Amino acid sequence: MKKFMSAVLVSTLSTTMVMADPVDDTLILNEEITLVTRTAAPAHMADAVDEIMSGWLFRGTETRAMQMDDFDNPGMIFVEKGEDLWNTAEGSEGKSCASCHNDSDSMAGVRPVYPKYNEAAGEVRTLEMQVNDCRENRMGAEPWKYTGGDMTNMTALLASVSRGLPVNVAIDGPAQSTWEAGKELYYTRTGQLELACASCHEDNYGNMIRADHLSQGQINGFPTYRLKNTKLNSVHARFKGCVRDTRAETFKPGSDEFIALELYVASRGNGLSVEGPSVRN
Amino acid sequence: MKRTYLAVLALTASAFALSAEEIAPTAVAFNEGSVESSLTGVAGDPVMGREIVGSKSLGNCVACHQVTDLSDIPFHGEIGPMLDGAGDRWSEAELRGIVANAKMMFEDSLMPSFYKTEGFFRPGNAYTGKAADETFGPLLTAQQIEDVVAYLATLKE
């Protein structure tokens, strides 16, 4: 049966089909750092998946190559824009991010642990929420739109300085209830098509759904530069698109539901390297 | 007022005369996953059915299934079993049940229910991401279900 299916696939899709399985390839960034794109699944998901894999392994040869060199990665233009924002003083306090945090390099290690419980605020915060907290409360500046250009350029910068470090979000202690809520949503079948995240990204990764090669839906590569819409895409914008594709009423970027879902999905990638800004199609 | 109302009734009645027998999505009788009687009383058209199975904006069945007979259409998915020979494996009543609501035949199936209007979590207005409104209806009409069933019945090995 399997053999027969492959034969049919080859004959019908020969020009565009790459290979249904994730590739066996190594992501070496700028010929320097080797990133972890495949590793043992964290204990909390051991009953579902043995191995976790970056979306990079599910993309075509050319798309993968673009991400291996910063000069070829279109996402790096947005990192530069993020660097400009980092150094721009704004708001009533006349401060920039750099005023408090020095070089953007000093933020290495931040991206891998977000979303993260904030003790003082008593809530789980995404990186976007933390950025806006600094803007509003330390700079006296207007918050950025959650999935807007400035915000995504900033998260691209913050991801880029952590590339190669392992995703490592905490799921216990005060974060646990949020994590549980995210897990519940991950397995909830939404919309008229009644599909859950797990339907596509746990039960069917490696398979084709029409012309799309399903990955595990990991977020270690975010924000991602997508060749399809030629811009940087944030995590919640991607979630929104996937929920919409189940013919559902989506949740809003920045909503409690997506914050919880982000923590849960991030935790499914604990151990993979931060890759953002990655390149996807 | 009364007269125009009657006139409208007469018009719609004649235009849809053939679907007088149509069974509503909420009234379909499943028997172990099968649906014995036609949803419309009108024989399905396998040519239309072929179109619906392959078309992205209609059934989009090839998003998940491969069908050799549709190899003129690019990109068939691998989520569900290949449909070649479905007409040998399943009776017409079984095929009607599977297409109308596959979850009646296969517990917790990933396959969407194509003739169902209730019981969804956050149903949307097609692919807009917005909430469903009063235009919300089943994924396929009763006659489209019959057309798809007629097409699947032709898939013999």
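Predicted model: local features only at pLDDT ≥ 70, side-chain atom pairs only at ≥ 80, totals over all residues.

Q: What kinds of residues make up the lining of the largest cavity?
A: The lining divides into eight nonpolar, two polar and two charged residues. Ala, Val, Leu, Ile, Met, Phe, Trp, Tyr, Cys and Pro count as nonpolar, Asp, Glu, Lys and Arg as charged, and the others, Gly among them, as polar.

Q: Which residues line the largest cavity?
A: Among them are A:Arg111, A:Tyr114, A:Phe222, A:Glu262 and A:Gly269. A cavity is a set of points on a 1 Å grid over the protein atoms alone where a 1.4 Å probe fits but cannot get out, and lining residues have an atom within 4 Å of a point.

Q: Why roll a probe at all?
A: A probe the size of a water molecule, rolled over the atoms, shows where empty space is left.

Q: How much space lies in the largest cavity?
A: About 140 Å³. Volume here is the space filled by probe spheres set on the points, with grid points joined across faces, edges and corners.

Q: How many cavities does the search find?
A: Two of 30 Å³ or more, in the whole structure.

Q: New topic. How many residues of chain A are in contact with chain B?
A: 33 residues of chain A are in contact with 41 of chain B. Contact means heavy atoms within 4.5 Å.

Q: And what area is buried between chain A and chain B?
A: About 3,300 Å², with 58% of that from carbon and sulfur atoms. Buried area is the accessible area (1.4 Å probe) that two parts lose on being put together, summed over both. A:Gln192, A:Arg210 and A:Arg247 supply 26% of what chain A buries against chain B, more than any other three residues.

Q: How many salt bridges cross the interface?
A: Three, by the rule: a side-chain nitrogen of Lys or Arg within 4 Å of a carboxyl oxygen of Asp or Glu. B:Arg122 forms one with A:Glu249, and their closest N and O atoms are 4.0 Å apart.

Note on methods. Residues numbered from 1 in each chain as written. Chains lettered and ligands numbered in written order. Heavy atoms only, no water. 1 Å grid on protein atoms, 1.4 Å probe; cavity = no way out; pocket = protein on both sides within 12 Å on 5 of 7 lines; lining within 4 Å.
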